[in-house]
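Work through these exercises with the sequence and the model side by side. Try each task before reading its solution.

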Amino acid sequence: MHQVISNSHSLPMHGHPTEPILSSELLGFPPDARVLIVNCDDLGMNEAINVAVIDSIDKGVASSCSLMVPCPAARHAMVRLRRRPEIPFGIHLTLVCDAATYRWGPLTAPEMARSLVDDQGRLFVATPDGRAALLARARLDEVEREFRAQIDTVLDAGLAPTHLDFHCLADGGRDDILDMTVMLAAEYGLAVRVWLESGRRRMREQGLPVIDNPFLDSFSLPLEDKTARYTRLLCELPAGLSEWAVHPSLGTPPTRAIDPGWRVRRTDHEFLTSPATRDLFRQQNITVIDYRVIQEAWSRRGPSAPEVRETSEAASGSDRDAAGRTRS
């Protein structure tokens, strides 16, 4: 595991004051290294996803995954993670459902999470209107209670996650939710995926490594010529730490009725497990890592407690508004 090379609470600078050190350098890589996390999101949503995620790590180029604890196939996924303790995984903190035809509720009792659920006691669907409704009403104490329930369920199962990230809510959807999650990460000894520029800037001010380059969500890629697009992105990958959130699934006929994104998922699985993809990673000299080295860096530094904003209003910045249309 690579070691953190600085103990200061602000990112060190190179010779010129406008050149901050890359997060990849904080993790021990040389300045020109192209370092990539390939994380499979949505483990636990259904069994076809579970099988494809493990396959993408075993036989493909994926390096880690993220578990959706409230979902119907989460138990199926946790059994497999217990059998494979070498697979690094995070907790895909979940406050929304993907489709109106496939719903789930919170882990906390609905009466303890009234601001998080609809009239039927289920989580909101992750449409633009659904996300807006949730973020406008979600009480921070109820979000924290639900997040703790999701984390504790994983720990009680004897599993050891590496990081926290968010399902369909960019950096949690609100600044106060992100701040609270960062504090939970410090308490539980985990890292956090932070990818919007405002959040990255705040983490860097605390000396915490986050991605250096734009985040990729595979749902943002058109299906047409997808392999060619992935290939181009990989060939053009800049130096520093990058992350791709991919979403593999087998796309089996039973899951197609409940998963409107099955084509995205099936083509992700095909790309990730292709021998040509593995060869391309080698040819491009891409270093693939998972969140364990980042978890170590976050745990050593220990984020200072951010000022948690107690507003229930959704954050308004242009970066969050634009990212709200993506899944991760």
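A residue is buried when its relative accessible area is under 20%, exposed when it is over 50%, and partly exposed in between. Keep these cut-offs at hand. Note too that the model is predicted.

**Exercise 1. The chain as a whole**

Task: Find how many helices and strands the protein chain has, and what share of its residues is buried.

Solution: 
- Start with the secondary structure. The protein chain has 13 helices and 10 strands.
- Turn to burial. Of the 328 residues in the protein chain, 58% are buried.
- Finish with contacts. Take those with a separation of 6 or more: residues 24 or more positions apart account for 76% of them.

**Exercise 2. Classify S299**

Solution: 
- Look across the fold. L190 is 109 residues away from S299 in sequence, yet their C-alpha atoms are 6.7 Å apart.

**Exercise 3. Describe D42**

Task: Work out where D42 lies, whether D42 is buried or exposed, and which side chain D42 joins in a polar contact.

Solution: 
- Find the element. D42 belongs to strand β1, which covers residues 34–43.
- Check accessibility. D42 counts as buried because its relative accessibility is 0%.
- Check the backbone. Phi of D42 is near 80°, a positive value in a residue other than glycine.
- Follow the side chain. D42 and H167 are joined by a side-chain polar contact of 3.2 Å.
- V69 is 27 residues from D42 along the chain, and 9.5 Å separates their C-alpha atoms.

**Exercise 4. A loop residue and a helix residue**

Task: Decide whether D225 and H76 are buried or exposed.

Solution: 
- Take D225. This residue is in the loop between β8 and α8.
- Its relative accessibility is 52%, so D225 counts as exposed.
- Phi of D225 is near 55°, a positive value in a residue other than glycine.
- Take H76. Its place is in helix α3, residues 74–83.
- H76 counts as buried because its relative accessibility is 16%.
- Leave out residues up to four places away in sequence. H76 then touches E47 and N50.

**Exercise 5. Cavity and pocket**

Task: Give the volume of the largest cavity and of the second largest pocket, then sort each lining by class.

Solution: 
- Count first. The structure holds one cavity of 30 Å³ or more.
- The largest cavity has a volume of about 70 Å³.
- Its lining has 13 residues, with V194, V210, I211, E243 and Y291 nearest the centre.
- Sort the cavity lining. It has 11 nonpolar, no polar and two charged residues.
- Now take the second largest pocket. Its volume is about 160 Å³.
- The second largest pocket is lined by N213, P214, F215, L216, L233, E236, L237, P238, S242 and W244.
- Sort the pocket lining. It has seven nonpolar, two polar and one charged residues.

Definitions and conventions: Residues numbered from 1 in each chain as written. Heavy atoms only, no water. Helix = DSSP H or I, 4+ residues; strand = E, 2+ residues; numbered from the N terminus. Buried < 20%, exposed > 50% of the residue type's maximum accessible area, 1.4 Å probe, protein only. Polar contact = N/O pair within 3.5 Å; in protein donor to acceptor, adjacent residues only side chain to side chain. 1 Å grid on protein atoms, 1.4 Å probe; cavity = no way out; pocket = protein on both sides within 12 Å on 5 of 7 lines; lining within 4 Å. Points joined across faces, edges and corners; volume = space filled by probe spheres on them. Nonpolar A, V, L, I, M, F, W, Y, C, P; charged D, E, K, R; others polar. Contact = heavy atoms within 4.5 Å.
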